Amino acid sequence: MTTLITGGAGFLGTYLTKLLIAEGEKPVLLDPAPMPETLKSVSAEIEYVRNSLDCLSILINIIRKYSVDRIFHLGGMLSAPSDENPWAAFNTNVAGTYNVLEAARLEGVKQVIFSSTIAVYAKDLPATPVDDKTLQRPTSMYGSTKVFCELLGRFYARKFDLDFRAIRLPSVIGPGARTMNMSIYNCWAIEKSLNGEPYELFCEPDTRCPVMYFKDAGRAFLLLSQAGRSQIKTQVYNIAGIVPAFSAQQLVNLITRKIPEARLTFKPDPAMVELLRGIGSLVLDDECARVEWGWKIKYSLEEMLDDFIREFKSK
Ligand SMILES: NC(=O)c1ccc[n+]([C@@H]2O[C@H](COP(=O)([O-])OP(=O)(O)OC[C@H]3O[C@@H](n4cnc5c(N)ncnc54)[C@H](O)[C@@H]3O)[C@@H](O)[C@H]2O)c1
């Protein structure tokens, strides 16, 4: 099995890379960024291609050269950069995903796993929990690109029998997350405190945001990929994360208990508060993932923070 990870240099891509190496694979990573420090220790166990998914031919060449039969498509622009530069987000997220699917079709790649987001939900939400049938009406460029990609993947599955699957991740927390996005305050509040630096959270104390630990997210990608094709009915799955969603103040309280020298304050940024408003009220139902491929979260809020601290100190 040869797996291509687009966005392999990113926060989730690097963790998934290590999971695949642990399974005995030599994954191929595609990313325009230079190889990150976190991958230097495993550089002999990966193929690193510093390039972009903007170009169909590049993807085709990679798939041919390494005989890729599975793609984890994680490369793309996150929420804040997409809102700032929607034109670039269109090229990277929309055209880029088209390139991935088209290259997979032309080259006979067996499976494409796509990382979508709960930011596909924003307006006109029901009072009941949001499940896989809830209307997706994003207000952000990021969420809009992801809805299109989910639908495009479903089309490729129907028309060309491509084994396309996707998960809608909540905000993912873990050490080493660098890309600015609306929920990054969760990661940075912990990491800055561990570094002995003060940090101003750009949300409000009662902001809630569904989150999960990066180790759970990595495991979700693998579980989804490994499920037999007959188990996959819904195709694109909500993942609820830690339930109930905790507030920023609850996180700050817990960090301060575990890291007494933490200096955390709030300085709400109106644009971010607005982006977070829709997401904060989401109550997610991930029953389809649980029933169809056995999804179950492992890390609670406190377990997540403990493991985050352990991971940080071990580096
Ligand atoms: N981190 C989260 O909280 C979260 C939540 C929901 C969904 N997701 C999705 O998961 C995926 C991975 O997110 P992440 O947190 O690792 O983000 P990240 O920003 O750390 O990683 C994304 C990677 O994509 C790469 N990339 C950008 N343009 C590219 C291009 N043209 N070609 C190839 N690679 C390109 C970037 O260089 C980066 O390394 C993304 O698709 C994101 O939308 C993330």
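The legends below walk through several close-up views of this predicted model.

Residues are numbered from 1 along each chain, following the sequence as written. Because the model is predicted, local features need pLDDT of at least 70 and side-chain atom pairs count only at pLDDT 80 or more, while totals for chains, interfaces and linings use all residues.

**View 1. The shell around the ligand.** Here 26 residues surround the ligand, and the closest are Gly 7, Gly 10, Leu 12, Gly 75 and Thr 179. Two or more residues of the shell come from each of helix H1 (11-22), helix H5 (86-107), strand S5 (111-117) and strand S7 (171-173). These labels follow DSSP runs, numbered from the N terminus: helices are H or I with at least four residues, and strands are E with at least two. H1 gives the most to the shell, with three residues. By class, the shell has eleven nonpolar, 13 polar and two charged residues. In this grouping Ala, Val, Leu, Ile, Met, Phe, Trp, Tyr, Cys and Pro are nonpolar, Asp, Glu, Lys and Arg are charged, and the others, Gly among them, are polar.

**View 2. An open sheet of seven strands.** The strands follow the order S3-S2-S1-S4-S5-S6-S10, with parallel pairing. Strand S3 (47-49) and strand S10 (236-238) stand at the edges with a single partner strand each, so one side of each has no neighbour in the sheet. On average, neighbouring strands are turned by 15° against each other, direction ignored. Axes are lines fitted to C-alpha atoms, for helices over the stretch in contact, and angles run from 0 to 180 degrees between N-to-C directions.

View 3. Strands of a sheet pair through backbone hydrogen bonds, either parallel or antiparallel. Strand S2 (residues 28-30) runs parallel to S3, and three bridges join them; two strands pair if DSSP finds at least two bridges between them. In this pair, Leu 30 stands opposite Val 49 in S3. H1 lies across strand S1 (3-6), S2, strand S4 (70-73) and S5, and runs at about 165° to S1.

**View 4. Helices H3 and H5.** The axes of helix H3 (residues 56-66) and H5 come within 9 Å and cross at roughly 45°. The two helices are therefore oblique to each other. Angles under 35 degrees count as roughly parallel, over 145 as roughly antiparallel, 65 to 115 as roughly perpendicular and the rest as oblique. H3 passes H5 in a right-handed crossing, meaning that the near helix is turned clockwise from the far one by less than a right angle. Leu 56, Leu 59, Ile 60, Ile 63 and Arg 64 in H3 meet Asn 99, Val 100, Glu 102, Ala 103, Leu 106 and Glu 107 in H5. Residues are in contact if their C-beta atoms, placed from the backbone, lie within 7 Å. This contact divides into seven nonpolar, one polar and three charged residues.

View 5. Helix H7 (residues 185-194) and H9 have axes that come within 11 Å and cross at roughly 20°, so H7 and H9 are roughly parallel to each other. Among the residues that meet here are Ala 189 and Ile 190 in H7, and Leu 251 and Val 252 in H9. The axes of helix H9 (residues 248-258) and helix H12 (residues 301-314) also come within 11 Å, but cross at roughly 45°. The crossing of H9 and H12 is right-handed. Leu 254, Ile 255 and Lys 258 in H9 meet Leu 301, Glu 302, Leu 305 and Ile 309 in H12. That contact has five nonpolar, no polar and two charged residues.

**View 6. Two backbone details in loops.** Most residues other than glycine have a negative phi, and most peptide bonds are trans. Asp 124 is not a glycine, yet has a positive phi of about 55°; Asp 124 sits in the loop between S5 and helix H6 (141-160). The peptide bond from Val 243 to Pro 244 is cis, with omega near 0°, and Pro 244 is found in the loop between S10 and H9.

Key. A residue is near a molecule or strand if its C-beta atom, placed from the backbone, lies within 6 Å of it. Two residues are in contact if their C-beta atoms, placed from the backbone, lie within 7 Å.
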